[in-house]
Amino acid sequence: MKPGLRSLLLRGIDSACQSLNKHFIFRQPAQNAHDSAINLLRLLERMPFSAPCCQRLHRLAFPKTPVDVGGVRLAQRLILAAGLIKGDGFGDEADALRAVTVEGHNIIPGWCVLPALLGPVEFGSFTRQPRLGNPGAVIWRDAEARSTQNRVGLRNPGARAAARFLAGRRGQLPAEFGINIALTPGLDDIDQQERDVLESVEFFLDSNVLPSWFTLNLSCPNTEDDPQGHQLEAETRQLCGAFIERLRARELEIPLWVKISPGLAGDQYRVLMRVFHDVGVKAVIATNTLAQPSPEDDSIQAGVGGGELHPESLEAVRQLLAEKSRKHYSVDVIACGGILDGASFRQYQSLGVKAGQYWSALVYRGPFAAAIIESELARYDHEFEAVRRESLA
Ligand SMILES: Cc1cc2nc3c(=O)[nH]c(=O)nc-3n(C[C@H](O)[C@H](O)[C@H](O)COP(=O)(O)O)c2cc1C
């Protein structure tokens, strides 16, 4: 489709989404809207024509913005962040495996139609054992600040069942996807943590589910686990080093990315960059959500994403990139936090960022968020060029 026509179409879709949000979706609690979206994904994935339709829509609406980042070449620089395609929660591994192999349930709703519609996506986070996550309402929004807040608590089917589910659909897996692995919350001993992470990775490798990249999520603000405890020098070095060694031992060229928290001290970001460079981590995703008191109970924490997170993530990215350039490190920085429109992504780009991840943009800009953001960027470039020409004339 011609860029002008695409831009017009996306403006129409954007205003339709705004009005749908205002008159319908934002009238319900965020939790209900989220649950309905997951049910819709489940329904769509029962229909054989959904994925081809989504692929067609993707080709129409999303421009190609190829990028070499974190050791992979992606057709598109805006990637769906972890936390949407992560699957159902289970209390125990046997139940999760039974749901996949005996009952044939779709335990990871969105696994098929979302990559078809959105392009590159990150699946997970998956932990070694399944988790039910936190009970009750765990997702909120602040529409004025275009923010989300959640304390899902790493609900997921566990790495073994997730790997088995994806292995059963290997032929239909997307061309570009990441798998995000999180440490089981509450493990104190570093050797136990290492075993936990490696066992999770092995399930995917043994099942021949080979993503374009793996992400190790060292930052989980919603589990009452210390979100900074795993981001210290020695722990990070051991966990990332062991992860990369395991991939090398199997002669796999899959790069490792690491996801970290906002709000760390400048020194901690500098140390982390050095560790990533030393052990061979290819990219750092900055950042996960920001722990803040939950809207329903200010004695517990819930992670803020979207507009309110943006300044924090921007600052983290600035510090990481400054260290990268000071020390000539070969670690890419992938921005994540409040990429909601062309202007917010442009702020990251002006620091030197090549690719970004988004989650809250889906809530505030709809399913075509990444395409809309790209068309806004193209419009800025066009206007900037017009002004530049005028000033030269
Ligand atoms: C409901 C929800 C669940 C999430 N779950 C995960 C997760 O399991 N693993 C992870 O690494 N990040 C998770 N995230 C964080 C997002 O991947 C992303 O880092 C964060 O929302 C910031 O991006 P945003 O400002 O575009 O929302 C989750 C976010 C939300 C809103």
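Predicted model: local features only at pLDDT ≥ 70, side-chain atom pairs only at ≥ 80, totals over all residues.

Colleague: Thanks! Which residues is isoleucine 79 in contact with, leaving aside its neighbours within four places in sequence?
Modeller: Leu74, Pro120, Val121, Glu122, Trp213, Trp257, Gly356, Gln357 and Tyr358. Isoleucine 79 is in strand 3 (residues 78-80); strands are DSSP runs of E with at least two residues, helices are runs of H or I with at least four, and both are numbered from the N terminus.

Colleague: Is isoleucine 79 buried or exposed?
Modeller: Isoleucine 79 counts as buried because its relative accessibility is 0%. Buried means under 20% relative accessible area, exposed over 50% and partly exposed in between, with a 1.4 Å probe and protein chains only.

Colleague: And how far apart are isoleucine 79 and leucine 118 in space?
Modeller: Their C-alpha atoms are 7.9 Å apart, although 39 residues separate the two in sequence.

Colleague: Let's switch to the ligand. How many residues surround the ligand?
Modeller: There are 24, and the closest are Ala82, Ser125, Gly306, Gly338 and Ser360. To count as near, a residue needs a heavy atom within 4 Å of the molecule.

Colleague: What are the distances from ligand oxygen to alanine 82, glycine 338 and lysine 259?
Modeller: A polar backbone atom of alanine 82 is 2.6 Å from an oxygen atom of the ligand, and for a backbone N or O atom of glycine 338 the distance is 2.7 Å. With lysine 259, a side-chain N or O atom is 2.8 Å from a ligand oxygen.

Colleague: Which side chain makes a polar contact with the side chain of serine 360?
Modeller: That of threonine 148, at 2.8 Å. A polar contact is a pair of N or O atoms within 3.5 Å; within protein, one must be able to donate a hydrogen and the other to accept it, and residues adjacent in sequence count only if both atoms are side-chain atoms. Threonine 148 lies in strand 6 (residues 147-150) and is buried, with a relative accessible area of 13%.

Colleague: Now helix 3. Which of its residues are buried?
Modeller: Ser50, Ala51, Cys54, His58 and Ala61. They cover an arc of only 100° around the axis, which puts them on the same side of helix 3; the arc is that of the directions from the helix axis to the C-beta atoms.

Colleague: What do they pack against, and what is on the face turned away?
Modeller: The buried residues of helix 3 pack against helix 1 (3-23), helix 2, helix 5 and helix 13 (369-392). The face turned away from the buried side carries the exposed residues Arg56 and Arg59.

Colleague: Last one: which residues touch the most other members of the largest nonpolar core?
Modeller: Of its 94 residues, Ile108, Phe204, Phe214, Leu216, Leu256, Val258 and Phe276 do. Helix 6 (residues 159-167) gives the most to this core, with seven residues. A nonpolar core is a set of buried Ala, Val, Leu, Ile, Met, Phe, Trp, Tyr and Cys residues joined through side-chain atoms within 4.5 Å.

Key
Residues numbered from 1 in each chain as written. Heavy atoms only, no water. Contact = heavy atoms within 4.5 Å.
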